[in-house]
Amino acid sequence: MKKLLLICLIVSSVLQSKAQDFPFGEMDRNAITMTSYDKDTSAAAVVVREFGTTSFLHDGNKIRHRYHVRIKVFNSARFTRGDVVIPLYQGSSTRYESVDKIRGIVYYPGPDGGLQKAELDKKSIIREKSSEHLELVKFAMPNIVDGSVVEYEYEIETPYIFNYHPWQFQWDIPKIYSEYVALIPAVFVYNVSLIGALKLDKSDGKVKKECFQPGAHRIDCSELTYAMNDVPAFIEEDYMTSPKNFISAINFELSEMTLLNGSKEKITKEWKDVDYEMKKHEYFGKQLRRDDIFKKILPTILKGDESDLEKAKTIYSYIQSRVKWNNRYGHFTDEGLKKAIENRAGNVADINLALIAALGAADLDADAVVLSTRENGVVHQLYPVISDFNYVVAMVNIDGRSYLLDATDPLLPFGLLPMRCMNGQGRIMSMNKPSEWIDLVASQKRSDVYSLELELQADGKIVGSVKNYKMGYAAFYQRHEIKKFNSIDEFVENKDENMPNIRILDYAITNLDSIERTLEEAYEVEIAAFDSLSYDQLFFNPFFMDKMDENPFKLAERTYPVDLGAPINSRIIISLRIPEEYEMVVKPRDVSLALPNKGGRFLNRTEVIGNKVQFSQSMELEKSIYQPEEYPALKELFNRIIQLQKTDVIFKKKS
C-alpha cells in the first residue's frame, strides 16, 4: 500500500504559507447549516476543512508543524474527535518535542435555537507523563452537542527531523478537504511515500529562491502541496494488520543532507551498511557469536546420536523452558545472552538470539530473522530503516528445509511462529552472507474438527459424545485458553457454565502438554433439547457447534486486504439417532459454495440412514490473505453460511 512519490526528493523552505489556510474562528455558515454529509449519511461528523504545514527553523536543527481543523458534528454521542491528544516524544532534557499556540472554539445551537460560542479554556489543557519518553498533551473541546462546529489549532516544535512530519489524510470520520504543505530546505533529501489506496487530488511543487538562511548562507527552497477531496472514513474491520499500513497518509524519511561546508552526509543506508552494523552490534551480532555459553550445556541435553532435526527440537525445547519471556519486544538483547540465561528471563531478542547461538553451538545452520509485528506495521522494502523492525526470530536450515522458530512461548510447537509475526516479510541477518528477505508464511493451518455421536431419548434430552480435534494455530490458541485456568477441572467447569443447554457429564483432554501432537477433547454431554417427545413436530438446529451469528465482514467496500494470518480449515460431523416414530421432513439445503481463484469452499450436506441423521459441514479458507477485489465474494460466502445456519431441522411423527 506504499507508493514512493519521489525516491530522491530535494525540497525546501522555512516560510509559513498562509494562502492555503482558512481563518480561525470564522463563522462558517455552510458548516453550521449542514445536517448530514451527503457522501456518508451515517457519519457522526465530517471534517469540513483541514490544513497543516511544516517548515524548518532557521538553525536547520528543528522543524515546526502547524495544524488546523474544522469539524461539523452530527451525532455528538458517537463523536470522539472532540477529545484531543497530542503525543510528544521526550528524548532527553535537551532534545524534546513541545506544543504551543493551542486554541479552540465551538459554535453550538443553544436551548432557544440560537447560535452560541464557547472557547477552549487554556486552564483545561493537561499534560500527562505517559512513559519515560512520552508526554501526552490533552484537551477536551467544550459544549459539543448535535449540530456543533468544532475548530482547533496548535503548533508542535521538534528536533527530530529524520521523519519530518507525516500527514494523515484519513480518520475514522470522512473529510471534505484535507491539505498539507511541506516546506523543506533544499539541503535535505527526503524519501516520500504515499500510503493507502486513495489517490491525491493535488500534488504540486514550486521553488522559492533564497528562502532558507542558516547563518550567512541563503539557500533555495521548494514548497510541496498535497491535498485530497472527499476523503472517506477509514473503518477498521476484523482480520487486518496495523491500520497504519492502509490509512491514506504521506510519510517522509530523511535520506541525505548537505552540510554548510558542501559535504554530503548520507542518512539512509544501504543494506550492506546495515548488515555490517548489525554484525558488529554489541547486543546483536556479538551475542550471536556467544556459542561458548552453550558448549558445556549441550552434552547434558543432547544424546549424541540424534538427527539434526531432533537436535534442533531438543535445543528449542530447552530454550523455551529455560528462559521466560518478559513480554518485551526488540531485536537487540537487553543485557546480553549470558545474563538472560543466568536470570532465566529476557526479551524476545534475549530468547531467540540465545536459541540461534545454541543451534550454532550444535553445528546447525541457524540465522536471525528480524521482522515487524502485525500491530507495528510493515517495513520499508526500498531502503533500510532498522527502526521499522521490533522483533527477531530464529531460522534453522535442515536437510534442505528452513524452519522459523520463536522460543518465547512454551506452547508454540517447533516451526510455528506466533500470529503476531505473520506480517509480510522479514530480513535474514546472516553472520557470513548478505542479508535477504524471506516471506513470513504460516507453516500450519488453523484446523478444527468436531465429531458428535448423539441420540435423542424418550425424555426429550439428547445424550452422547462430542470429540474435538485441534491442530496448528487452533491447538495453540486452545492450549492457551485451557492454561488460563488453575486446572483442567476449572476449565471444563467454566465451559459447562457457558453452555446453558448443554451439561458436561464426563471429559478427557489428551496431549495438552504434547505440543507437537493434535489436541484432543472428548466430552460426554446431555443436551436439554425438548421437554418431552409428546409433540407431533420437533424443531432442532444442528448448527450449535461454533455457530456463526454475525458476519465479520460488513463494509460495502474494503480497500485493504483480509489478513487471516493462516489458512483456516474447520469441519463438523454430527450423527443423531432419532426415535423410530419420527422422520425428518425438513432439512437444511445441501450446499456447495466456492470462492474464486481456488480461495476456498463451504460444503453442507444432510443424509438419512435408517433412523440416523448425519449432518456434515466443512469450511476451507485456503489463503492467508485475500485481496480487496476478493472481499465481495468472501463477504457473500459468510452471508450464505449465516443464513444456512439459521435453518432448523423438522422431525415429524410418522402417521
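Predicted model: local features only at pLDDT ≥ 70, side-chain atom pairs only at ≥ 80, totals over all residues.
F284 sits in the loop between α2 (271-280) and α3 (285-288), while F332 is in the loop between β17 (324-325) and α7 (337-343), so the pair ties together parts that are 48 residues apart in sequence. As for accessibility, F284 is buried at 0%, whereas F332 is partly exposed at 26%.

Next up is α2 itself. Which of its residues are buried? They are W271, V274, D275, M278 and K279. These residues cover an arc of only 130 degrees around the axis, so they fall on the same side of α2. K272 and Y276, on the other side of the helix, are exposed. The buried residues of α2 pack against α3, β19 (365-371), β22 (425-429) and β23 (436-439).

W271 also brings in an arginine: R427 lies over the face of W271, and R427 lies over the face of W437 too. Here are the two arrangements side by side:

| Charged residue | Ring | Distance to ring centre |
|---|---|---|
| R427 | W271 | 4.0 Å |
| R427 | W437 | 4.9 Å |

Now for a pair of helices. Two packed helices are described by the angle between their axes and the distance between the axes. For α6 (residues 308-322) and α8 (residues 348-361), that angle is about 145 degrees, and the axes are 10 Å apart. The crossing of α6 past α8 is right-handed. On the α6 side, the residues making the contact are A312, I315, Y316 and I319, and they meet I351, A354, L355, A358 and L359 of α8.

Last stop: Y582, which belongs to strand β31 (residues 582-586). Is Y582 buried or exposed? With a relative accessible area of 3%, Y582 is buried, because buried means under 20%. Leaving out residues up to four places away in sequence, Y582 touches L533, Y535, D536 and L538, along with F651, K652, K653 and K654. There is also S655: 73 residues separate Y582 and S655 along the chain, yet their C-alpha atoms are 9.2 Å apart.

Notes. Residues numbered from 1 in each chain as written. Heavy atoms only, no water. Helix = DSSP H or I, 4+ residues; strand = E, 2+ residues; numbered from the N terminus. Buried < 20%, exposed > 50% of the residue type's maximum accessible area, 1.4 Å probe, protein only. Lys NZ or Arg CZ within 6 Å of the ring centre and 35° of its normal. Arc of directions from axis to C-beta. Contact = heavy atoms within 4.5 Å. Axes fitted to C-alpha atoms, helices over the stretch in contact; angles between N-to-C directions. Left-handed = near helix turned anticlockwise from the far one by under 90°.
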